[in-house]
Amino acid sequence: MAATIAPELAPTVAVKIFSAGTAACVADLVTFPLDTAKVRLQIQGESKSRDLQKKYRGVFGTIYTMVKTEGPRSLYSGLVAGLHRQMTFASVRIGLYDSMKQFYTRGSGDVGIGTRILAGSTTGAMAVAFAQPTDVVKVRFQAQMRLPENGAVKRYDSTISAYKTIARDEGIRGLWKVYCTVCKCLSDNMPCHFTAAFAAGFCTTIVASPVDVVKTRYMNSVLGQYTGAINCALTMLLKEGPTAFYKGFVPAFLRLGSWNIVMFVSYEQIKKGITRLMQYWNSPK
């Protein structure tokens, strides 16, 4: 008599949250050098000192220059804060997305585009609120140059030290410096992630790049350098011109597309693996 195959259990909210955070960390490990190159290109031009103002040319030129002058480890400066960010940001934004959809539809199966956008906006806002301090610390570590021969002084010695120093010197609000996020809803179909990730990444980068550059500059600024995000944007425009808002465009685009692919593929596999393992444990022996 053929054995009866038990239906596959639906992943719980806890499984989704853990899987999303873990998958996002995997994606960050793979794409972090691109993110660091993006930050370096975005802040290039704001330093008044010619010695500290390193000239980077393109994404691969930036990576090569950093490895040559600061060592390979510089590409992963701020990684700990980056992993902190993904465990908080992605866990909420992606892990709670389905639950938020059900909340707004009150359990009905009718989910329109409006509900998806509302659910995505809600989890996105929650994720930003939780993860913002980690993003500030990550950006500052990525922007921190290791050039002792030029007299460059490290702003922070460790991730924990950075959290404490920012909170002490700039107040708790310093950890929540301005941030805007673009939430996009991707299909749950796995092949779609491969075919649409780069196209979606290109469109998103075009729209979000000016905000992202201002966010990076403002997060990395010392106390009193700018009076606010608007002042930061105006200073960039007057001193560096409109093209300054698209610094780091190529690494931002490459990172976003590759990050989406790695993250969502990992997310599906981790989620399925944990669910099947739980089903095996709970099945009658």
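**Notes on an all-helical chain**

1. Let's start with a pair of helices. Helix H1 (residues 13–43) packs against helix H2 (residues 58–70) at an angle of about 95°, and their axes are 9 Å apart. H1 is therefore roughly perpendicular to H2, since angles of 65 to 115 degrees count as such. On the H1 side, the residues that make the contact are Pro 33, Leu 34, Thr 36, Ala 37, Arg 40 and Leu 41. They meet Gly 58, Val 59, Thr 62, Ile 63, Met 66 and Glu 70 of H2. Please keep in mind throughout that this is a predicted model.

2. Now for the overall picture. The chain has nine helices and zero strands, so you will meet H numbers throughout this note. Of its 285 residues, 47% count as buried. The chain exposes about 15000 Å², and carbon and sulfur atoms supply 65% of that area. If you take the contacts between residues at least 6 apart in sequence, 77% of them join residues at least 24 apart.

3. Val 250 counts as partly exposed because its relative accessibility is 42%. Ser 266 also lies in H9, and with residues up to four places away in sequence left aside, Ser 266 touches Ala 23 and Val 26. Ser 266 counts as buried, at 16% relative accessibility.

4. On to the charged side chains. A search of the whole structure finds 15 salt bridges. One of them pairs Lys 16 with Asp 98, at 3.1 Å from N to O. Lys 16 lies in helix H1 and Asp 98 in helix H4 (residues 97–105), so this pair ties together parts that are 82 residues apart in sequence. Is Lys 16 buried or exposed? At 11% relative accessibility, Lys 16 counts as buried.

5. Lys 215 deserves a look of its own. Lys 215 forms a salt bridge with Asp 135, where the closest N and O atoms are 3.5 Å apart. Because Lys 215 lies in helix H7 and Asp 135 in helix H5 (residues 113–143), the bridge ties together parts 80 residues apart in sequence. Both Lys 215 and Asp 135 are buried, with Lys 215 at 8% relative accessibility.

6. The side chain of Lys 215 also meets that of Asp 212 in a salt bridge, at 3.1 Å from N to O. These two residues are three apart in helix H7, so about one helical turn separates them. Asp 212 counts as buried too, at 17% relative accessibility. Through shared partners, salt bridges join Asp 28, Asp 35, Lys 38, Arg 85, Asp 135, Lys 138, Asp 212, Lys 215 and Arg 255 into one network.

7. Finally, a word on the surface. Which residues form a nonpolar patch there? They are Phe 202, Ile 206, Val 207 and Tyr 246, with about 360 Å² of accessible area together. Phe 202 is found in helix H7 (residues 190–220). With a relative accessible area of 39%, Phe 202 is partly exposed.

How values were computed:
Residues numbered from 1 in each chain as written. Predicted model: local features only at pLDDT ≥ 70, side-chain atom pairs only at ≥ 80, totals over all residues. Heavy atoms only, no water. Patch = residues over 30% accessible without salt bridge, like charges linked within 9 Å, V, L, I, M, F, W, Y side chains within 5 Å. Areas by Shrake-Rupley, 256 points an atom, 1.4 Å probe, with all protein chains shown as cover. Salt bridge = Lys/Arg side-chain N within 4 Å of Asp/Glu carboxyl O. Helix = DSSP H or I, 4+ residues; strand = E, 2+ residues; numbered from the N terminus. Buried < 20%, exposed > 50% of the residue type's maximum accessible area, 1.4 Å probe, protein only. Axes fitted to C-alpha atoms, helices over the stretch in contact; angles between N-to-C directions. Parallel < 35°, antiparallel > 145°, perpendicular 65-115°, else oblique. Contact = heavy atoms within 4.5 Å.
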